[in-house]
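Work through the exercises below with the sequence and the model open beside you. Each task is followed by a solution in steps.

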Amino acid sequence: MNNKPNIIEIRNLKKSYDKGKIKALNGIDLEIKKGDFVSIMGPSGSGKSTLLNMIGALDRGDEGAIKVAGMDLMRTKNLSNFRSQEIGFVFQMHNLIPNLTVLENVEIPMYETNASSKEMHERALELLKSVDLGDKIGQNPTKLSGGERQRVAIARALVNHPSIILADEPTGALDSKTGDIILNLLKELHQKEHVTLVMVTHEPYVAEMADRIINVLDGKIKSE
Amino acid sequence: MSYFTLILKNPFRNKTRSSLAIVGIAIGITVIVALGMVTGGLKTSTQSTLKAGGAEITVIQAGSGSFGFGSGSSSINDSYVTDIQKLSGVKDTVGILRVISNAPSGSNSSFSGGGFSITGINSSKLSLAGVDSVNGTIFTNGSANEIIMGKTAAQDLNKTVGDTVNLYGKDFTVTGIFETGSFIQDAGAFMSLDTLQNLTNNNNRVSNILVKINDNANITDVSNTIQDTYPELNTTTAAAQAGRINQGLSFIDTATWAISLLAIIIGGVGVINTMIMSVYERTREIGVLKAVGWKDRRILGMILGESIVLTLIAAVVGTVVGIVGVEAILSFSPSVGGVITPSFAPDIFLRAFGVAFLVGIIGGLYPAYRASRLAPTEALRYE
Ligand SMILES: Nc1ncnc2c1ncn2[C@@H]1O[C@H](COP(=O)(O)OP(=O)(O)O)[C@@H](O)[C@H]1O
Ligand SMILES: [Mg+2]
């Protein structure tokens, strides 16, 4: 164990859906250190995405405590500000906006910042170059391959200098060769940008790349 | 790319659906613009009828009812013309005989059925009838073969100065063409009073007497004096006549507002439908926007903005179609074209754009609110 500070602290976090019928999270206790690469594994429906959504403040827990990047997410009112400043999401589906260019898609998160159009353009371009898409900035995402789209999504996640990247099965829709490229890119960016990376995955060998592997089952942490 | 550019771009994602919504609203806007231009034009024309010429009072025979344009039946002995001239407050008088003749041969089809209004008058007193300037020369009193024509009539009959028209079996030379701005006047013609009296067997009879009052006299007072002195006569004033026309126009005005309201409702429903569909299809995308930190207000603004973009495009389309449509109808139909000079008053276009803007807000508000309130986790799970 190292002595880095915790960036994520979760105590007995519970979340249920359908008026309590579905207990998606059933008492999660978890601490993640700043700058770590943590992998979350578990069967489908075990609550991995829900856990990620809680960390990313897309939804509030019912019970327990969750503190991320110094914010008490059970209490903080303005969750959109928190998401804008601290979190970068990468989903299984790239979720790019089809009528915008690659560059414009990467600019989207910067609308809530004070960045000027020029700054937005420069930052997006810089990131697209770093994911090796500097030559595709004017293209429509529909014309890109699955791997390229996911690289755009990664650039979009990083554009506001988040402290945490939350990746929910980022390679789930890709073939294994393309998936490997994406994984290596994520790992590389995690190291270069000193960003905390929490990634949900099904592949054990993918999980092996992480500093820690967390297993989730029935809304609880089963083992490390 | 700015937020504003994004809002401008988004409505073009589903071109078919957006176009349909635009057409729906544009139809309403076209009607508003076209009616506005036409009623506005008629109002101006009525005003120039009011201002035209000098005669403030028209004397008609008592019991002849309304201000009968050339009914021919209302006939006054022309000795009254000099009698009324002597009354206090009266500056000048002229007797006119108004008849509706069959349209001269060779006239435009649009004239048929309507007939052709001919007024007999003393040529030196044409200004009392509103004819101040004539292109060419006026007819000579007593001349049996000279006539002047209104601009619309000349256009319709395809006549210019020097041409001849056949009326009552006689050829008349068009010596001049006049324009008063009054659509009623400009569709007719004037000739020497005694000539018309002879042709129509109305010797010593006139249909109306036009009365111009002294500068310091009061219209009502002079009207009353005439009616009191000659109970067998009746008077009507230009103001009263204009009032009747204005009544009709204000009815069209009300109708225009009613149509505007209908356009708001129909257009609004169309926009709500279009925007709800658009939000529904973009559920996941809206989830992503929330995930990357967009505030609810920004999402609300985007959808509302897109809705307003749609309706403002419709306003532009509707306005252009309205203007082109009115101009086209007027130019293809000279008789109507002569009656109406379409108005381009700014308030017509302000109204059109105001209505469109309102429809955009009303139609966009609910879908925008729904989009802004989507739960991000639900939106991202949406297939
Ligand atoms: N928004 C929601 N509404 C209802 N049920 C949900 C919702 N989100 C997740 N669930 C349910 O919660 C459980 C955990 O889901 P999830 O966290 O997506 O699992 P995982 O990502 O591990 O597959 C599942 O039973 C799922 O159906
Ligand atoms: Mg999941």
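The structure is a predicted model.

**Exercise 1. The partners of a strand**

Task: Find which strands pair with β1(B), and in which sense, parallel or antiparallel.

Solution. Step 1: β1 of chain B covers residues 57-61, and four of its five residues are buried. Step 2: one partner is β12 (residues 233-237) of chain B, joined to β1(B) in the antiparallel sense over five bridges. In this pair, Q61(B) stands opposite L233(B). Step 3: another partner is β11 (residues 208-213) of chain B, also antiparallel, with three bridges. Here I57(B) has V211(B) as its bridge partner.

**Exercise 2. A helix and its surroundings**

Task: Compare the span of helix α5 of chain A with the expected span, and explain why this helix is largely enclosed.

Solution. Step 1: α5(A) takes in residues 146-158, which is 13 residues. Step 2: from first C-alpha to last, the helix reaches 19 Å, close to the 18 Å expected at 1.5 Å a residue. Step 3: 11 of the 13 residues are buried, so the rest of the structure largely encloses α5(A). Among the buried ones are G147(A), E148(A), R151(A), I154(A) and L158(A). Step 4: the cover over these buried residues includes β6 (87-90), α3 (102-107), α4 (117-130), β7 (164-168) and α6 (176-193) of chain A. Chain B contributes to the cover as well, with α9 (283-291).

**Exercise 3. A cavity and its lining**

Task: How many cavities of 30 Å³ or more are there, and what lines the second largest cavity?

Solution. Step 1: the count is four cavities of 30 Å³ or more. Step 2: the second largest cavity has a volume of about 60 Å³. Step 3: its lining includes R83(A), F89(A), P109(A) and R156(A), along with A291(B) and V292(B). Step 4: α2 (79-86), β6 and α5 of chain A are the elements that give two or more residues to this lining. The largest share, three residues, comes from β6(A). Step 5: sorted by type, the lining has six nonpolar, three polar and two charged residues.

**Exercise 4. Chain B as a whole**

Task: Describe chain B by its helices and strands, its buried residues and its contacts.

Solution. Step 1: chain B holds 13 helices and 12 strands. Step 2: of its 383 residues, 49% are buried. Step 3: consider the contacts in chain B with a separation of 6 or more; residues 24 or more positions apart account for 80% of them.

Key
Residues numbered from 1 in each chain as written. Chains lettered and ligands numbered in written order. Predicted model: local features only at pLDDT ≥ 70, side-chain atom pairs only at ≥ 80, totals over all residues. Heavy atoms only, no water. Buried < 20%, exposed > 50% of the residue type's maximum accessible area, 1.4 Å probe, protein only. Pairing = 2+ DSSP bridges. Expected span 1.5 Å × (residues − 1). Contact = heavy atoms within 4.5 Å. 1 Å grid on protein atoms, 1.4 Å probe; cavity = no way out; pocket = protein on both sides within 12 Å on 5 of 7 lines; lining within 4 Å. Points joined across faces, edges and corners; volume = space filled by probe spheres on them. Nonpolar A, V, L, I, M, F, W, Y, C, P; charged D, E, K, R; others polar.
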